[in-house]
Each structure stands twice: as C-alpha cells, then as structure tokens.
Amino acid sequence: MLKLFDLSGKVAIVTGCSTGLGQGMAVALAQAGADIVGVNTSAPTATATAVTALGRGFHAIRANLADTSCVQPVVEEACQAFGRLDILVNNAGIIRREDSLNFSEKDWDDVVNLNLKAVFFLSQAAARRFIARDSPGKIINIASMLSFQGGIRVPSYTASKSGVVGLTRLLACEWASKRINVNAIAPGYMATDNTAALRADEQRNAEILGRIPANRWGLPEDLAGPVVFLASPASDYVNGYTLAVDGGWLAR
Ligand code: NAD
C-alpha cells in the first residue's frame with residue numbers, strides 16, 4: 001500500500017519554496033523520494049539544505065514568476081536539471097491588503113499575475129512536457145479559504161484564488177484523459193510570513209483562532225500528507241478537486 005505514495009525517481013517543481021508552505025511541501029515531496037526544482041525570487045538556502053540532507057537532489061532557479069516570459073525557460077531548465085519532470089506545485093503567491101475603494105491597479109496586477117496567470121502558463125508548459133514524453137503528470141495548485149469565501153480588503157487575492165479553483169477544474173477536464181491530474185489544496189489559516197500581519201493583530205488573531213475547530217493555526221507540515229497524496233499514484237483517479245486543509249474552518 002505505501003508504494004502508492006512513493007515518489008522515488010520523480011522530479012517536482014515547487015514554486016515559492018524558500019519559506020512557508022512551499023518549503024514544507026518541497027521537504028515532504030523529498031521525504032517521499034522526489035528530487036526538487038525550486039523556483040524563487042530569493043535563494044532557498046534552508047530548503048536546499050533540508051532536501052539534500054534527505055539524500056535528494058535540489059536545483060534552484062531564480063525567477064520572478066509574475067513575469068510570464070520566464071515560464072518557458074524555467075520549465076526547460078527544470079526538465080534538464082534531473083532529466084525529467086513529473087510534478088508541478090504552483091505555490092508561489094502574494095497578498096496585498098487595502099480597502100477596495102482605494103485598491104490600486106498595481107496591487108491588482110502584481111497579485112493576479114503571480115497567483116493566477118503564472119499558474120496557468122506554468123501548468124500549460126508542464127502539461128506540454130508530460131504529453132510530449134507520453135508520461136503521467138501531477139499538477140497541484142495552491143488555493144485558499146478565499147477560493148470559497150469573500151474576505152475583506154484583499155480583492156485581487158480573492159479574485160486570484162477563486163480563479164485558481166475554477167482553473168483547476170477546467171484543466172482537469174481537459175487533461176484527465178491524458179493522464180495528467182490537476183488538483184488543488186486550499187490551506188486554511190497557516191502560520192507563515194504571509195499571515196504575519198494577521199497574527200500580529202491581537203483582535204484578528206483571536207477572531208480567527210476562535211473560528212478554527214482545531215483551535216490552532218496550521219503549519220507547513222500540515223500540508224505534507226495532502227501534497228504527497230496528490231503528487232503520487234494514490235490519487236490517480238482524483239481530478240479537479242480542491243482539498244481544504246484548514247483545521248475545519250470551512251466546516252463551520
Ligand atoms: P510565504 O510568503 O511564506 O511564501 C511565498 C513564497 O512565494 C516565497 O517562497 C516567495 O519567495 C515566493 N514568491 C513570492 N513572489 C514570487 C515571485 N514573483 N516569483 C517567484 N516566487 C515568488 O507565503 P505562504 O504562506 O507560504 O504562501 C504560499 C502559498 O500558499 C501562496 O500561494 C499563498 O497564497 C497560499 N496560502 C497561504 C495561506 C496562509 O495562511 N499562509 C493560506 C492559504 C493559501
């Protein structure tokens with residue numbers, strides 16, 4: 001049974017793995033046997049150390065994924081790094097907070113370009129590779145609670161993450177017959193840099209914690225099992241689904 005979750009010999013791209021959830025998922029995929037290609041704007045030093053300590057390969061690519069002209073070269077370099085590509089985790093994402101009445105076009109474009117446009121074009125480039133090699137592929141997009149709820153003061157984030165869930169379904173419908181699984185993980189409220197401002201605000205922190213049935217913020221390690229499942233043969237008949245990993249937030 002455990003063989004179903006084995007990623008030995010597989011290669012995974014994880015975008016935005018220098019910190020937070022991406023780092024947790026890169027390490028988890030390496031623990032399951034995969035070599036990792038990390039795509040970041042900064043050096044993913046701690047992630048590289050953790051992955052190589054497990055005896056797995058780590059290749060770092062420096063790129064700003066908000067600029068889609070880098071997508072093609074990134075996927076080509078990733079394929080060359082270990083001679084193959086099996087898994088793409090579209091994790092890199094940012095958030096901007098401002099009242100919608102004052103929200104700027106820049107804060108809209110910066111977020112949507114990275115959180116949604118790059119997800120589509122990276123998925124397209126990876127899928128073309130899987131199909132050209134006639135091999136199965138796994139694409140895992142990182143959604144959010146704001147893929148299901150409105151939120152406040154984060155219009156471009158809510159729009160992008162709601163789009164990620166729709167895109168996940170659409171790509172699954174187009175590519176399931178080609179042995180490419182496209183699914184998403186919707187993390188709940190997780191303790192990372194992304195949520196530092198929320199956790200620092202005593203009132204918001206208490207409101208959020210009070211609504212999480214598990215009664216704690218999530219951790220990067222909480223995504224380990226779900227990401228390995230969705231990257232492995234164990235999920236071969238799971239297509240277009242968004243798995244909430246939220247301590248029960250959406251069940252409330
Ligand atoms: P984080 O800020 O710790 O990590 C974001 C990562 O993206 C970093 O590695 C950063 O270097 C990288 N990145 C940022 N801009 C980039 C760019 N232009 N090009 C390439 N890489 C870039 O945040 P996190 O909390 O770990 O978030 C990871 C993902 O999870 C994001 O998509 C985020 O929206 C999503 N998410 C987070 C939470 C949470 O509570 N933390 C909840 C739901 C969803």
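## Ligand shell and loop residues

An oxygen atom of the ligand is 3.5 Å from an N or O atom in the side chain of Asn40. The model is predicted: local features need pLDDT of at least 70, side-chain atom pairs count only at pLDDT 80 or more, and totals for chains, interfaces and linings use all residues. Residues are numbered from 1 along each chain as its sequence is written, and side-chain values use heavy atoms, with hydrogens and water left out.

The table sets out the distances.

| Side chain | Distance to a ligand oxygen atom |
|---|---|
| Ser18 | 2.8 Å |
| Tyr157 | 2.6 Å |

Taken alone, the ligand exposes 830 Å². The protein buries 90% of that area. Areas come from the Shrake-Rupley method with a 1.4 Å probe; for residues, only the protein chains shown count as cover.

In all, 30 residues surround the ligand. A residue counts as near if one of its heavy atoms lies within 4 Å. The closest are Ser18, Asn64, Asn91, Tyr157 and Thr192. By class, the shell holds 14 nonpolar, 14 polar and two charged residues. Here Ala, Val, Leu, Ile, Met, Phe, Trp, Tyr, Cys and Pro are nonpolar, Asp, Glu, Lys and Arg are charged, and the others, Gly among them, are polar. Helices α1 (20-31) and α5 (155-175) each supply at least two shell residues. Helices (H or I, at least four residues) and strands (E, at least two) are DSSP runs, numbered from the N terminus.

Now to the loops. Most residues other than glycine have a negative phi. Arg179 has a positive phi, near 65°. Arg179 is in the loop between α5 and β6 (180-187). With 43% relative accessibility, Arg179 counts as partly exposed. Buried means under 20% relative accessible area, exposed over 50%, and partly exposed in between (1.4 Å probe, protein chains only).

Asn215 is not a glycine, yet its phi is positive at about 65°. Asn215 sits in the loop between α7 (202-211) and α8 (224-231). Asn215 counts as exposed because its relative accessibility is 56%.

Ser135 belongs to the loop between α4 (105-132) and β5 (137-142). Ser135 has 10% relative accessibility, so it counts as buried. Its side chain makes a polar contact of 2.7 Å with the side chain of Arg133. A polar contact is a pair of N or O atoms within 3.5 Å; within protein, one must be able to donate a hydrogen and the other to accept it, and residues adjacent in sequence count only if both atoms are side-chain atoms.
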